[in-house]
Each structure stands twice: as C-alpha cells, then as structure tokens.
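Here's a quick briefing to read with the model open next to you. Have a look at the fold, then work through the topics below.

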Amino acid sequence: MKYLAECIEKEGLTAARLFKQADKNFNQVLTCDELKEQVKVSLPDYFAGLNFKKLMKAFDQNNNGLIE
C-alpha cells in the first residue's frame with residue numbers, strides 16, 4: 001500500500017482520481033482486473049513492482065474480492 005501511495009504521489013495523482021479512472025462501468029466498485037489495467041496506464045513505470053493480490057487483500061474490507 002505504501003509503495004502504491006508513493007507511486008501515485010510521484011505521478012501527481014490522487015488515490016481518488018486513480019479509483020475513478022479505473023471504475024470503467026461507474027459502479028463505484030473495482031475488481032482486481034480494473035485496478036491492474038488502470039495502474040498499467042497511469043503508473044507504467046511502477047507496475048512491475050506491485051503485488052495485486054496483496055493490494056486487493058489490503059483494500060478489500062469485506063473479503064468479497066472488490067474494492068468499494
């Protein structure tokens with residue numbers, strides 16, 4: 001999480017903006033695939049350093065596989 005926060009900050013983004021851009025169907029919920037795709041676009045230089053399974057686990061507060 002800290003690594004992602006640092007990457008977002010370095011690129012002049014915010015977590016809210018990244019989330020909004022990643023939510024392609026505007027349902028205010030992110031899947032791991034949506035997050036991966038947006039990070040590839042927004043943070044390509046940092047993509048390889050992210051473990052998306054761990055990241056989703058940290059964000060997924062109710063263990064449903066989604067970020068709400």
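In which loop is the place of Asp23? Asp23 sits in the loop between H2 and helix H3 (32-42). Bear in mind that this is a predicted model, where local features need pLDDT of at least 70 and side-chain atom pairs count only at pLDDT 80 or more, while totals for chains, interfaces and linings use all residues. Residues are numbered from 1 along each chain as its sequence is written, and side-chain values use heavy atoms, with hydrogens and water left out.

- Asp23 is buried (under 20% relative accessible area, with a 1.4 Å probe and protein chains only).
- Even so, Asp23 has no salt bridge, and Lys24, the nearest side chain of opposite charge, is 9.1 Å away. For charge, Lys and Arg count as positive and Asp and Glu as negative, with His and the chain ends not counted.
- A polar atom of the Asp23 side chain lies 2.7 Å from the backbone nitrogen of Gln28.

- Lys40 and Glu37 are the partners, at 3.5 Å from N to O.
- Both residues belong to helix H3, three residues apart, or about one turn of the helix. Helices here are DSSP runs (H or I, at least four residues), numbered from the N terminus.
- Lys40 is partly exposed, at 39% relative accessible area, and Glu37 is partly exposed too, at 45%; that label covers values between the buried cut-off and the exposed one, over 50%.

**Lys57 in H4**

- Lys57 lies in helix H4 (residues 52-59), and it counts as exposed because its relative accessible area is 67%.
- Lys57 and Cys32 are 25 residues apart in sequence, yet 9.8 Å apart in space, C-alpha to C-alpha.

**The largest pocket**

- The largest pocket holds about 190 Å³ of space. A pocket is an open set of points on a 1 Å grid where a 1.4 Å probe fits, with protein on both sides within 12 Å along at least five of seven lines.
- Its lining (residues with an atom within 4 Å of a point) includes Met1, Phe19, Leu35, Phe59 and Ile67.
- Helix H1 (2-10) and helix H2 (15-22) are the elements that give two or more residues to this lining, and H2 supplies the largest share, four residues.
- By class, the lining has twelve nonpolar, no polar and no charged residues.

Note on methods:
Grid points are joined across faces, edges and corners, and a volume is the space filled by probe spheres set on the points. Ala, Val, Leu, Ile, Met, Phe, Trp, Tyr, Cys and Pro count as nonpolar, Asp, Glu, Lys and Arg as charged, and the others, Gly among them, as polar. A salt bridge is a side-chain nitrogen of Lys or Arg within 4 Å of a carboxyl oxygen of Asp or Glu. A polar contact is a pair of N or O atoms within 3.5 Å; within protein, one must be able to donate a hydrogen and the other to accept it, and residues adjacent in sequence count only if both atoms are side-chain atoms.
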